[in-house]
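Colleague: I am new to this structure. Could you show me how to read it?

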Amino acid sequence: MVPPKWYVIVMICWIAVGIGAGSYLLRQEAPYGRFSNKKWGPMISNRWGWFLMEAAVLAAFASRIAFRQFNWKSPSGIMVALFFVHYVHRSLVYPFMIRTRGKRMPIVIMLSAILFNTVNGSLLGIWFARLAFYPADWFRSPLFVTGAALFIGGLAINWQSDYILIHLRKKGETGYKIPQSGLFKYVSSPNLLGEILEWGGYALLTWSLPALAFFVWTCANLIPRVLSNHRWYKQHFPDYPPDRKKLLPLIW
Ligand SMILES: NC(=O)c1ccc[n+]([C@@H]2O[C@H](COP(=O)([O-])OP(=O)(O)OC[C@H]3O[C@@H](n4cnc5c(N)ncnc54)[C@H](OP(=O)(O)O)[C@@H]3O)[C@@H](O)[C@H]2O)c1
């Protein structure tokens, strides 16, 4: 189905805002994680901040598609399931795995992420609930096959790399170390590379405007973060491996 004009206009504006957000983040590090900063007002515990901001996507997405009967073996059903796999892990597993005792993030960061996640989850939910139509043989299309390979590969890289980072700390520790295993041998932020691959793959496999917008927003959020992380490691660890790239093994 061709999306209605209002939906296309909303999507184009949303993509433009994402590009604007990315250019802002290139100049201003988002103050969470290693860049968390009390200057941004009241704070909340990292764990609950992550839980609340990521649960917002699940709630917005699930509320849109709740009343649609999906055939879970159809292309749309599989696409919705892939989204749930990522976000059930991100909102219900990841926040309770991180070793973040005593660490906090500004509430304003959590609220801005909740806003982004609610809009993003709603736009994708509306797509699957009301607009998406895929022929039954979509599974065999080059777009689906390539996109699914990128999504699954990206998910595996993201999960493995986050797992390595989390387990650099013993329980109760909060400091930072140089990660040495997995794709960290080649790049500073393989977890963010995995996330970018995932949503690039999702844009391909769904061939849809809301997934394209999510991919643009993911790059806008994460590419500035990749640059900041790489700079931060070099500033804080004189023995940081000099050949390690920022995001793309051997290239950049
Ligand atoms: N789709 C999107 O737009 C989007 C946006 C943001 C994040 N994400 C995803 O959310 C997840 C977390 O993102 P993030 O930016 O918080 O990742 P991150 O900075 O790499 O941190 C991940 C976890 O590992 C810890 N950690 C990081 N580096 C460490 C080191 N050198 N030594 C010891 N512990 C270390 C962090 O602790 P601290 O918190 O104490 O630093 C945190 O608990 C990632 O999977 C990312 O892809 C997605």
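Modeller: Start with Asn-191. This is a predicted model. In it, a polar atom in the side chain of Asn-191 sits 2.9 Å from an oxygen atom of the ligand.

Colleague: How do I read a distance like that, and which cut-off applies?

Modeller: A polar contact is a pair of N or O atoms within 3.5 Å. The 2.9 Å pair of Asn-191 and the ligand falls within it.

Colleague: How far is the polar side-chain atom of Lys-103 from an oxygen atom of the ligand?

Modeller: That distance is 2.7 Å for Lys-103. For Asn-221, an N or O atom of the side chain lies 3.3 Å from a ligand oxygen.

Colleague: How much of the ligand's accessible area does the protein cover?

Modeller: On its own, the ligand has 880 Å² of accessible area, and the protein covers 95% of that.

Colleague: How many residues surround the ligand, and which are the closest?

Modeller: Count residues with a heavy atom within 4 Å. Here 25 residues surround the ligand. Lys-103, Asp-162, Tyr-176, Lys-177 and Glu-195 are the closest.

Colleague: How do the residues of that shell divide into nonpolar, polar and charged?

Modeller: Ten are nonpolar, seven are polar and eight are charged.

Colleague: Which helices each supply at least two residues of the shell?

Modeller: Look at five elements: H2 (46-65), H3 (75-97), H5 (142-166), H6 (190-206) and H7 (209-236). Each supplies at least two residues of the shell around the ligand. H7 gives the most, with five residues.

Colleague: Now the helix pairs. How do I read a crossing angle?

Modeller: Angles over 145 degrees count as roughly antiparallel. Take H4, residues 107-131, with H7. Their axes come within 9 Å and cross at roughly 155°. H4 is therefore roughly antiparallel to H7.

Colleague: Is the crossing of H4 and H7 left-handed or right-handed?

Modeller: H4 passes H7 in a left-handed crossing.

Colleague: At what angle do the axes of H1 and H4 cross?

Modeller: H1 covers residues 5-27. The axes of H1 and H4 come within 13 Å and cross at roughly 150°. So H1 is roughly antiparallel to H4. Their crossing is left-handed.

Colleague: And within what distance do the axes of H2 and H3 come?

Modeller: Within 8 Å, with a crossing of roughly 160°. H2 and H3 are therefore roughly antiparallel to each other. The H2 and H3 crossing is left-handed.

Methods:
Residues are numbered from 1 along each chain as its sequence is written. This is a predicted model: local features need pLDDT of at least 70, side-chain atom pairs count only at pLDDT 80 or more; totals for chains, interfaces and linings use all residues. Side-chain values use heavy atoms; hydrogens and water are left out. A polar contact is a pair of N or O atoms within 3.5 Å; within protein, one must be able to donate a hydrogen and the other to accept it, and residues adjacent in sequence count only if both atoms are side-chain atoms. Accessible areas come from the Shrake-Rupley method with a 1.4 Å probe; for residues, only the protein chains shown count as cover. Helices (H or I, at least four residues) and strands (E, at least two) are DSSP runs, numbered from the N terminus. Ala, Val, Leu, Ile, Met, Phe, Trp, Tyr, Cys and Pro count as nonpolar, Asp, Glu, Lys and Arg as charged, and the others, Gly among them, as polar. Axes are lines fitted to C-alpha atoms, for helices over the stretch in contact, and angles run from 0 to 180 degrees between N-to-C directions. Angles under 35 degrees count as roughly parallel, over 145 as roughly antiparallel, 65 to 115 as roughly perpendicular and the rest as oblique. A crossing is left-handed if the near helix is turned anticlockwise from the far one by less than a right angle, and right-handed if clockwise.
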